[in-house]
Amino acid sequence: MIPSQVITITKAIVNTMDEERSIEDLEEEELEDLDSMEEFALEMEEISDIEGLEDIPENEQVGLSQSDMIITYEDKVVDETEELEKKYNQLLEEVKEGEIRSVIEKASNLINEGKRLDAHYLTAKISSLIATLLTSEQKHQEATEYYLLAVSEARRSEDKKLHLLSLSAFGRNLKNFDLKDAAVVFNQARDLANELGEKDYYAENSIDLAHCFFETEKEQAYSLYEENIGFFEDISDKKAVGIIKYRMGLVNIVQRDFSGAFTNLMDAKNNLQAIQNIDEFEDILAALEYVRELIKKGHALSYSLNIPIPEPIEDTVGTKKVFEIYASTGIVDITRRIEKKQLKLISSEMSEINTTEHIFDENKISKLNDTDLLEYSKLYEEIGDLYSKEDKENNSFYNYLGSQLLALQTGNMKRAEKLDKKVERLILALKDQDEDPTLQYDLMMYQHYQLAFGMRDRNPKLSSSYAKKGIEIASKRNNPYYEGLLKEIVADVKSLKNQEKAFADYQAVISIFQELENYVSLMRVYEKIGNIFLFTQADKAKEYLSKALEIAKELEKTEIVTRLEGKL
């Protein structure tokens, strides 16, 4: 058996391939480990000239008859190599019968025979068989040494096609746990495919290389996708084209090219929708929904608030106490609730705050009595204090703000004022840390937006007061998007007393959102106006509800479409 070794490959910077070691260097390093294998020597029988025979007179001439056969060393190697190939083929049959563990053990022994015979081609095939079987059991790291041995033996066999296939398989295995090392191997495979004129293998290894770059070098990945997608389009490989278009769309999202993202993601959907069991299909639909909504927000995206993202949680005494509070009380982790919607494969790039997401689920909060609200307020303040001791002011800010909102909902103004001072101190501290003067005003705008929305049903007068203060800040900071959002809250409050009088306020909000081409917000306001006139002016209600319905259909918001069609 080959001793299990951890294959160490130089950690090359994959976007500058001239700094990488060649695959031959990697093989030589591994072969040093393989030298510890049991060494083989041919067991040649030494046959005595006289053992078992009568003495031959000195003058007797002895020779070989024509029927005698001379068996040379080369003949013996050929015979044993042919026998080895038969054993290998027999193992392939056993694999079909599902005898995987038995085959792995037998194949390991055959590797020793192959090396003794210098049967590089067969040794490569046998090593590849073991590696493939281990991969099927998800034992990717254990399979690595066999893949590398297969590459080494294939190269020594001088069969360049086998060498290419071995490199490709080795790269796909490495891709499961080490993308940088996989990139080294795929690049070597590309070079060999190019040398051999194997266009299909060149394209396949290029796409695999692009997948490796996707994590850290997205622009380089995009270039490789663009360069090689044509091959798969020419052979009508819809699955490959769909997956490539999906990856290209995700790169577009990171680059904030939402129009390009939409085009690529739609192409991905169209190529894959008729194919069964595509794991990525649901992710493509989610990405399409995400991009479609961003596009429909228009210029509003330019006015997103600059507020800090939640900080990573470290294993400390303070954070352990935080998680104990969550576990024992069941309260919501605010910082997780307001994180921007995550997309698979690019979650790190999308780690942002959704600045219009409300701190609490209003339906759940509305069911709590004042005693529970006050208790929750104290818990969120305690969490804020714990994070503050850990110097995680970002997390403290969101928890103090949540605590302040809950205190306001109980009518405990003294407690709310105390928390307001904590929030104010944190805003100034965060501004000083960031050295960005806009941060202070964006945090104040965010605070007033959250408090105004959260108090809309509990205390409309206080809600309107916070909204108007926020409008003043938004106007001074030239942020029409948040000015429109806060004016919408003022209109919501007014509609609680007199819906028709609120119509003029909603019209002012519509003007702002129309200028921003923010159709997502327009859809929401159109529905609110439609609701106002639903039982008094049917034609007017139909006009605005139809506008909302048109946008909902464009956004493919099935639930909203159903709701609006029910009203119409």
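Which residue forms a salt bridge with Arg456? In this predicted model, the partner is Asp492, and the closest N and O atoms of the two residues are 3.1 Å apart.

**View 1. The salt bridge between Arg456 and Asp492.** Arg456 lies in the loop between α19 (437–454) and α20 (460–476), whereas Asp492 belongs to helix α21 (residues 480–497), so the pair ties together parts that are 36 residues apart in sequence. Arg456 counts as buried because its relative accessibility, 13%, is under 20%, and Asp492 is likewise buried, with a relative accessible area of 8%. Both residues belong to a network of salt bridges that also links Glu362, Glu488, Arg524 and Lys528.

**View 2. The salt bridge between Lys422 and Asp385.** Here the closest N and O atoms are 2.9 Å apart, and the pair links distant parts of the chain, with Lys422 in helix α18 (residues 413–434) and Asp385 in helix α16 (residues 370–389), 37 residues apart. Lys422 is buried, at a relative accessible area of 16%, while Asp385 is partly exposed, at 26%.

**View 3. The salt bridge between Arg101 and Glu137.** The closest N and O atoms of this pair are 2.7 Å apart, and the two residues, 36 residues apart, sit in helix α3 (residues 100–116) for Arg101 and in the loop between α4 (120–136) and α5 (140–157) for Glu137. Arg101 is partly exposed, with 44% relative accessibility, and Glu137 is also partly exposed, with a relative accessible area of 27%. A search of the whole structure finds 34 salt bridges.

**View 4. The largest nonpolar core, with 82 residues.** Among the residues with the most contacts inside this core are Phe360, Phe397, Tyr482 and Phe513. Leaving aside neighbours within four places in sequence, Phe513 is in contact with several residues, including Tyr481, Leu485, Leu522 and Val525. Apart from this core lies another, of 73 residues, among them Leu117, Leu224, Ile253 and Phe258.

View 5. Tyr481 and Tyr482, both buried, form another edge-to-face pair, with 5.3 Å from centre to centre and 70° between the planes. Phe503, Tyr526, Phe533 and Tyr544 form one aromatic cluster, and the charged end of Lys540 sits over the ring of Phe533, 4.9 Å from its centre.

How values were computed: Residues numbered from 1 in each chain as written. Predicted model: local features only at pLDDT ≥ 70, side-chain atom pairs only at ≥ 80, totals over all residues. Heavy atoms only, no water. Core = buried A, V, L, I, M, F, W, Y, C linked by side-chain atoms within 4.5 Å. Buried < 20%, exposed > 50% of the residue type's maximum accessible area, 1.4 Å probe, protein only. Contact = heavy atoms within 4.5 Å. Phe/Tyr/Trp six-rings, centres within 6.5 Å; stacked < 30°, edge-to-face > 60°. Lys NZ or Arg CZ within 6 Å of the ring centre and 35° of its normal. Salt bridge = Lys/Arg side-chain N within 4 Å of Asp/Glu carboxyl O. Helix = DSSP H or I, 4+ residues; strand = E, 2+ residues; numbered from the N terminus.
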